[in-house]
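Morning, everyone. Please look at the structure on the screen, and I'll walk you through a few spots.

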Amino acid sequence: MPASSIAVPQAVWHDAAPLMTPGIVVENLTKTYRRGFSGERFHALNTVSLNVRSGEVFGVIGPNGAGKTTLFGCLLGFLRPDAGRITIDGHAPDDLAVRAVTGYLPERLVLDRWMTGFGFLAYHHALARLPAATRRDDCAAALARIGLDPEAGQRAVRSYSRGMLQRLGLAQALLGSPRFVFLDEPASGVDPAGVVLFRRLLGDLKGSGVTVILNSHQLEQVERVCNRVAFVKGGRVEAIETLDAGSAHARGLRIRWAAGGAVTAELLRTAAERGGAGFVEATQADSGGGAGRFTARDDEGAARLLRALIEAGVPVVEATPDEGRLERLFLSDAAASPPPVSVEATRFMPPAVPGSGS
Amino acid sequence: MNRELVIAFWRQRGSAAFRMAFLLLVFGFPLLMTAAMPGGGLGIVRDAVGITMVLAAGMIGQDVSSGVLQLLFARPVRRSEYVLSRWLSVAVAAGAIAVLQIALAWLILNARGAPQESGMVLLTMLQRVVEVIQITAVMAMFSSLVNGVGDLGLWFATTVVGGILQLAAQAKGWGWVGRVGAELNRIVGPDVGLVALMRGTGGWSDLVTTLSIAALALLIAVVLVNRKELSYATTG
């Protein structure tokens, strides 16, 4: 079935926000493995339910062994769940119609070492059943998109560095303008320039309405690009956090000032309000200086806050971003306490979608 | 069948220096022997097992163990299509090389003054192709069972067990054990009997059995690969 003919089932959704199209629906997904000599079963995934809306960038985070990779394996149809169901645009994940519109970058790209970078892209272009007439141009454009020069594209991939392989992997994942992109630690082993490039490409995907599932330990990256993030732990989705830019969630900022100014809590609060930011608390150091915590809506808000503080006579010497919300989620997990951030309920009971199953 | 998979597999095999060196050996050595002993006729280029083994070993298992299958199966490629493409890749390449070997042996024998009947040469070529079809299918089945080049081990183990059972049956007079041993050996070493069939001294059963084994082995390989969970989740 051609990609464009994927049917969108009509359904009534009982989620917090209305859906334009079903996107990815995971219902009560359970996957167990046998462990050790005793053959004892453990739950890699335990009744996981979530939905990813069409066109959103959805992050999956969690500690090692949480079940993220198993979830990815099930979403991609590599693993068979013991129970539960996954549908992607109403189809089973291993449906060829879904795969025709899916791009995937594994954490560690394994490929035939004899291939050239260009040959590898051409091979996947053909496997994806994209038109042969545009193969050369598409592959050249894909190489350019991920910052690999044509000369590198003609070299065997055995000579590629880890970062180059990761870039090449991203290029193949984006061949043919997929509608669903699964990225497993995409920036792993990539140099800082590559990280910036990956972030920009993710932004482009987000802007073009591609549904992206991102598994990453780079929380700052996840926080920057994802609309929502699922926090997975012990095979369960513990929380789903909404991170949309412009949301009511504020960004923390820690500001330190030197001795010499008459800094009071009232002054700080007034300056923060003038800068459109929030004042949380302040501490005075013995040296006469001090530090305070503030909240700003975004980078621009943080800049306005700093300007307002300086204009109010606060001798600012340092401003550092507070730990991210996702970082706090992780830290709170480490402390074995409930996450202090607001979470969106993970309940999701979509109606049965006809003609689908995993 | 998937043309891209077939071509990629050929290129992969062609780029493996160690494998190509082995292929040269199993291809060239019988030709040298034919040149040295023309009295042996085409009998020296006895079978295509060596050629097929060199090309087939790890045809699926190496993809499983290396991890390239995840990326492949994320594409719109059916698993059955993958298995059949692998089988076709090996069968066509090994069949062509086996036929070329016989053709060269024929030329050598002609040059050495031991000409062979052309009809017999063509029949030998056809028989070799049918043998390759079965051996490749059985290797596809073994390769879908075990990772890496473990299929070679299974092939040797089956050959050895089959031989031992036949010997034991001879020594002890156990008919059914001998039959099992013969069947095992039949699975890994086809007996096409095409020459006998064409001469009217044999029946169709050998050819039918050969093709049945090939079809069954391919079916099993497809089922096994379809059921295979790709070891994506080793790290949880």
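Start where helix 9 of chain A ends: Gly276(A) follows this helix, and its phi is positive, near 75°. Helices here are DSSP runs of H or I with at least four residues, strands are runs of E with at least two, and both are numbered from the N terminus.

A word on the source. This is a predicted model: local features need pLDDT of at least 70, side-chain atom pairs count only at pLDDT 80 or more, and totals for chains, interfaces and linings use all residues. Residues are numbered from 1 along each chain as its sequence is written, while chains are lettered from A and ligands numbered from 1 in the order in which they are written.

Back to helix 9 of chain A, residues 265–274. Which of its residues are buried? Leu268(A), Ala271(A) and Ala272(A). Buried takes 20 or more other C-beta atoms within 10 Å of the residue's own, with C-beta atoms placed from the backbone.

Now the two chains. Their contact takes 23 residues from chain B and 26 from chain A. Contact means C-beta atoms, placed from the backbone, within 7 Å. On the chain B side, helix 1 (3–14) and helix 5 (68–73) each supply at least two residues. Helix 5 of chain B gives the most, with 5 residues.

Notes:
Two residues are in contact if their C-beta atoms, placed from the backbone, lie within 7 Å. A residue is buried if 20 or more other C-beta atoms lie within 10 Å of its own, exposed if 12 or fewer, and partly exposed in between; C-beta atoms are placed from the backbone.
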